[in-house]
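Morning, everyone. I have one structure to go through today, and I will keep it short.

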Amino acid sequence: MSDILEVRGLTKRFGGLAAVSEVDFSVRQGGITGLIGPNGAGKTTIFNLITGVYKVTSGTVTFEGKDITDTEPYLVADIGITRTFQNIRLFKNLTVFDNVLTACHASAGYNLADSFFRLPRFRREEKALREKTLELLTILGLEDRKDAIANGLPYGLQRRLEITRALALDPRLLLLDEPAAGMNPDETEQLMRLIGDIRNRFKLSVLVIEHHMDLVMRLCEHIVVLNFGQKLADGLPDAIRGDKRVIEAYLGGGDE
Amino acid sequence: MAQFLQQMVNGLSIGSVYALMAVGYSLVYSVMNFSNFAHGGVIMFGAYFGFYAITMLKLPFPAAFALAFIGTAVLAVIIERIAYKPLRERKAPFLYFIISAMGASIFLENIIIATIGPTFRTYPDVFGRTSIALGPVAIGRLDLIMFAVSAVCLTGLVLFVEKTKMGRAIQASAYNMKAAALMGVNTDRVVMIVFALGGMLAGIAGVFFGMKYTVYPQIGNITTKSFVAAVFGGLGSLPGAVLGSVLLGIIETLVAGYLSSQFRDLIAFVILIGVLIFRPTGIMGKTTEDKA
Amino acid sequence: MSSYLEGIIMLSGINLIAVLGLSLLTGFAGLFSFGHAGFMAIGAYAAAFCTTTLHLPFLVGIAVGAAMAAGSSWLIGRATLKLKGDYFCIATLGFGEAIRLILDNFQALGGARGWPGIPPATTIWNILILDVIGVILLANIVRSRHGRNMIAVREEELAAQVAGINTFKYKMMALIISAAYAGVAGGLLAHYMTFIQPKMFSMTKSTELTIIVIFGGLGSISGSVLGAFVLTFLPELLRAVDKWRLVVYGLAVIGIMIGRPRGLMGGFELTPSSMRKYVADIKSARSAKAAQKAEDATLGKDGL
């Protein structure tokens, strides 16, 4: 099994502060990898570096064998990586349907002239986009809420919508930033099954940042632990569970 | 050579007025991350406050001056409470703030036109029209006082921001509002003080502008130049705002003196284009990255 | 129809075209332009030059005006759209002023005294036809992936980027289209008034256009249409209290941002499908109410 994503020597400095320092890890193709660590360990920063939101101070990001370090964020999606955000960044005032429909844009190729004059290419491709949107919503269980405004959805469904939107771009690697934040045990359970399901159904690889240890241990096949911007440990869930340094990092000053 | 020095002095003089306007704007920008486009209206009110304090209330200059800048400080805070605070609380998008600022600016300009009227008013000669000769150059008394007051204000501002507790709270908030709040800073009060300071500077700028030129409701339009000066010096940097303003004033005056006075007002725009193309962060600006 | 009334309708129609463009830029793409009248000025002067000096046909003049306005917007866009929003605002502010200043001093184009003698080629019909075309074109953009991408940029720029949307490209697209619309409006205005003067395109004009977009509602095309006509007629009706009109507008703008950013139309678009939905909603609400009443009545009878 090859690695779909490889991160080597990843470092990010803000002024004098190193948010992330010499981090190496890989995400296996088709696998679900967990990225954990106390608050402030640099997990979201890593996501931002992978997706080009931050420029690296040094280090490389390799995807499917190609160097994608410092690619513009909008091109990263094209390359095959999409993500969700810790503090949910949905298109709040748009409907559920429109949130996903918008993200489907890359599946169409019609240009402005086609739009202006409602040419056949426009009609054909728009229809396909709408069908794709409906299909995704149905798979993710959101089709009965498709006309609801995103802002008005319950929290758990908002997160699910964000995941749906990320799937609309046909990614091969999905980055999930704390998808279970604020969820109760039932919802977390559902989410866990959902992530496993979409990984199988869409043949994705997943990298997930999480604090819910239960979710991480049961869902992830491989776990990377960060602390103070550096990699602390890297391995199978059982190994990580018993790793003294990891336990210390969490009990001695982190949260949870 | 003497002419050149004279032009430099003149440039410095207008530059210091721009500096007062620009610093007030930059201060608010650096803390709130937002361009207060109603700043011009406040400056204009400062000019009117000072004018009426002298002509109608017959106050001596220092008292009139104080009345003017206290009045504008209060006005700025009122505008903040009415036009921006509700939006801040709703976490409204950036666009809404700009539109609200535009609304405030329209209101300010037109309330003057509707009540007092659009005619130009002139400040009475408070300092006399005599100039003082410093070697080959002549500096008007008004200009000297303007330099002095500007220098005092700006130094005072720097001291306040660097040395006092509130000043440090402002710096912390400028860096990161949320973090500052988490550390116990009363961010609401910080915002109020920042706007009050900005308003104060606007009032001072307004009075001097009115004294140097005339008083009319569209004074606010001059602020465009101070925005450009702030960009030139580096948006968000207070020393940058001063530097940009002084340079703008000098360049403008030199161009008007040596090339053509017609192009004087266009210089600001040319500088703006140059800055945006070659160095958007300005002379002293810093780049920041958005946090996800 | 009296020529007075016709005149106001024509002015509304001309304003509408500029407003439609500005609506795309501000209402849909979320970019605030302070100096949009500058694009109108470029359109006006370029069109006038084509018809009076080059003796080209009216429509060619209009097209050239639109192209030149669009071209100048491209320059502004290149310089500022990759930077924070404030830079764009300041640049448009400067641009509006600069255009007026340049025109004031450009004696060959009439300078501050203006340029008279432009052929009166604008008629109420070509205005209305261009209005209709303008609205349809705008609606077609908005309801396409291009429009949706602009809206996404407005809503959540970062999320839009990671969703693969080239935010710079779409902001630029909105800017260029809006400038083109303004250019057309400028050309039409020139050939209606038969006389143009830089101060017709001052900050006041830019502000007037922005106010219409805001009152009509950000993101509402029908709002812009309604707004353009209502707010062009209003000053005529309120002549007596004219100087207070802008005072009220200023406060109203603040109030709208705080209370009802969706403006007049409240985010509701007047389209055939939305009207059908509205009627359907009322019908279903009525039948639900009736069903509830019937249920209550039966419950009552059973003494539960």
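Predicted model: local features only at pLDDT ≥ 70, side-chain atom pairs only at ≥ 80, totals over all residues.

Chain A comes in two domains. Domain 1 has two segments, 1-80 and 171-256, and domain 2 covers 92-169. Their C-alpha centres are 27 Å apart. How many residues of each domain are in contact with the other? On the domain 1 side there are 11, and on the domain 2 side eight. For domain 1 of chain A, the elements giving two or more residues to that side are α2 (73-79), β7 (173-177) and α7 (185-202). Of these, α7(A) has the largest share, with three residues. By class, the domain 1 side divides into eight nonpolar residues, one polar and two charged.

Next, the sheet in chain A. It is open and antiparallel, with four strands in the order β2-β1-β4-β5. Which strands stand at the edges? Those are β2 (17-28) and β5 (66-67) of chain A; each has a single partner strand, so one side of each has no neighbour in the sheet. Further in, β1 (residues 3-14) and β4 (residues 58-63) of chain A pair antiparallel over five bridges. In that pairing, Glu6(A) is opposite Thr62(A) in β4(A). Lying across β1, β2 and β4 of chain A is helix α1 (residues 43-50), which runs at about 70 degrees to β2(A).

Now chain B, starting with the hairpin. Strands β1 (residues 131-134) and β2 (residues 137-140) of chain B run antiparallel and are joined by four bridges. Ile132(B) stands opposite Ile139(B) in β2(B). Two residues lie between the strands of this hairpin, and in the turn Gly135(B) has a positive phi of about 65 degrees.

Last, the contact between chains B and C. Chain B puts in 39 residues and chain C puts in 35. Which elements of chain B each supply at least two residues to the side that touches chain C? They are α3 (61-89), α4 (94-115), α9 (223-233) and α11 (264-278). The element of chain B that gives the most to that side is α4(B), with 15 residues. As for composition, the chain B side that touches chain C has 30 nonpolar residues, seven polar and two charged.

That is what I have; I will take questions now.

Technical notes
Residues numbered from 1 in each chain as written. Chains lettered and ligands numbered in written order. Contact = placed C-beta atoms within 7 Å. Nonpolar A, V, L, I, M, F, W, Y, C, P; charged D, E, K, R; others polar. Pairing = 2+ DSSP bridges. Axes fitted to C-alpha atoms, helices over the stretch in contact; angles between N-to-C directions. Domains from an automatic or database assignment.
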